[in-house]
Amino acid sequence: MAADQKIPTPVPNVNPEVKVFWDATAEGRLLLPKCQDCRTVIWYPRPFCPACGSLNVEWIEASGKGTVYTYTVNRRGAGDLPEYRDPGPYVLAYVELEEGPRIMTNIVDCDPDSVKIGQAVEVVFHDTGQGTALPRFRPAGGS
Amino acid sequence: MSIRGKAYIVGGYEHPDRVIPDKSVSQIHAEVAIGALKEVGLSLSDVDGYFYTGQLNMGGTATSDYLGLKNLTYLDTTMTGGSSPVFQIGHAAAAIAMGKCRIALVTLAARPRSERQQRAAPNPEASFEQVFGTNTIAMYALAAQRHMYEFGTTSEQLAWVKVAASQHAQYNEHALLRKPVTVEEVVNSRMLSDPLHLLDTCVVTDSGGAVVVTSPEVARDLGRTGCKILGHGEAPKHTNNGNVDLTFTGARWSGPRAFEEAGVSPADVDYASIYDSFTITVVETLEDLGFCEKGKGGAFVADGGLIARGGRLPVNTDGGGLCNNHPGMGGMMKVLEAVRQMQGTAHPGVQVPDCQVALVHGTGGSLGTRMGSATLILGQEDA
């Protein structure tokens with residue numbers, strides 16, 4: 001879990017209805033909302049099911065394992081947020097979780113040029129210091 | 001109920017400048033509005049429908065005030081990023097067909113080259129995307145990378161989109177970049193966000209543009225019936241509850257809607273303005289509109305496929321967003337070059353002979369992730 005935090009770790013804006021998600025990240029857990037009526041796993045987190053309209057949504061804990069759906073090495077800032085004004089090269093990616101959703105994230109703890117579509121990855125958490133952590137991913141089997 | 005033949009684009013005006021350090025966006029809106037109306041022999045007081053695309057909060061209302069539009073019976077401030085004007089021309093045609101207005105003014109202006117855009121309150125998805133360092137180029141790069149992985153599309157094929165734009169831009173005296181470039185120059189330009197290079201990206205300009213859409217009666221009175229609106233389709237596309245697919249765009253849905261209403265097919269299209277924020281934008285859009293099979297867009301654009309003289313389909317003959325003009329949101333420039341092609345007023349070096357049917361496609365937002373797509377089909381009076 002000791003993570004290389006060279007990449008900026010901005011504090012996310014925490015809307016009240018997704019505070020449970022962000023509280024869990026600080027404890028090293030990745031939660032996913034799941035509709036208890038149609039069983040759809042929901043992403044990004046919302047307090048209702050966009051598939052069936054149900055309000056009967058519960059949090060489940062993700063395995064933290066997935067594969068790279070697509071990625072880019074962003075070699076020249078700046079990102080949309082000011083924290084990314086001059087970050088150096090970093091990998092922005094969509095990772096497809098074992099539970100289904102493709103989520104936006106970063107691939108870390110590896111040479112950016114080594115990342116491949118289809119690569120197996122696992123979650124790590126980068127602490128923002130403000131009661132939240134960003135779920136990022138590293139090549140599976142890392143230590 | 002259909003808009004087919006119920007409205008015409010009677011004329012338009014593209015701001016001649018590409019760097020505007022000393023005017024407000026409101027002034028640019030005014031200059032393009034007056035320019036477009038003057039071209040067609042109308043004035044601000046004739047306008048009864050106003051369609052605004054720009055950077056201001058409550059911009060449609062504010063700019064109606066600024067322009068002194070006092071006879072408005074219809075106001076639209078649709079914001080779908082760069083595709084907004086293409087959405088709005090469909091809305092204008094529908095409003096005209098319903099009798100809600102007769103003379104619609106559509107304007108776009110922005111100054112991203114000279115001023116940083118202000119950031120609004122965080123959207124609900126921002127905490128799950130922006131914190132990871134998103135930016136516009138990276139979001140399009142994610143789509144390009146997946147398209148290459150699934151279909152074998154190459155950087156050289158993408159580069160041909162830029163090469164064609166640059167071939168066209170050399171004829172456009174207002175284009176920001178007028179020098180033709182080669183495939184080698186594109187793929188050897190600086191890598192910004194893999195696999196997109198500097199020359200895979202559009203220019204950033206300060207500029208604007210406007211068009212006037214009217215009822216058939218007004219178009220006939222003005223003697224400007226050469227650009228009839230045949231069909232229009234629009235569609236948002238988004239992440240689909242965690243099932244995002246970056247290999248296609250909203251054009252997959254907006255295109256068929258527009259073709260069906262127009263009663264034409266891709267084979268009938270003589271000229272196409274295809275939104276070109278990045279080279280990949282054009283490749284995915286051409287596939288989704290049915291100009292080629294899904295996954296074959298790279299081969300379609302390669303080897304001069306989009307060049308006006310001798311290509312498979314003349315695309316973006318003004319030089320497009322890649323070389324001519326892209327003030328952050330370029331949908332208006334796409335409409336304007338199609339109008340020129342229909343009117344026969346494009347540069348002789350790129351004019352399509354006997355242009356009977358033109359297509360305009362606007363793309364706004366992030367390709368494949370969260371975007372607005374709009375397709376507009378124009379025809380000559382007897383089409």
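In chain B, the centres of domain 1 and domain 2, taken over C-alpha atoms, are separated by 23 Å. The model is a predicted one, in which local features need pLDDT of at least 70 and side-chain atom pairs count only at pLDDT 80 or more, whereas totals for chains, interfaces and linings use all residues. Residues are numbered from 1 along each chain as its sequence is written, and chains are lettered from A in the order in which they are written.

Domain 1 of chain B comprises 8–115 + 206–229, and domain 2 of chain B comprises 134–204 + 231–379, with bounds that come from an automatic or database domain assignment. Between these domains, 30 residues of domain 1 are in contact with 32 residues of domain 2, two residues being in contact if their C-beta atoms, placed from the backbone, lie within 7 Å. On the side of domain 1 of chain B that touches domain 2, at least two residues each are supplied by β1 (8–14), α3 (84–97), β4 (103–110), β7 (207–214) and β8 (228–237) of chain B, and α3(B) gives the most, with seven residues. Helices (H or I, at least four residues) and strands (E, at least two) are DSSP runs, numbered from the N terminus. This side of domain 1 divides into 13 nonpolar, twelve polar and five charged residues, where Ala, Val, Leu, Ile, Met, Phe, Trp, Tyr, Cys and Pro count as nonpolar, Asp, Glu, Lys and Arg as charged, and the others, Gly among them, as polar.

The contact between the chains takes 37 residues from chain A and 28 residues from chain B. On the side of chain A that touches chain B, β3(A) gives the most, with six residues, and the residues of this side divide into 23 nonpolar, ten polar and four charged.
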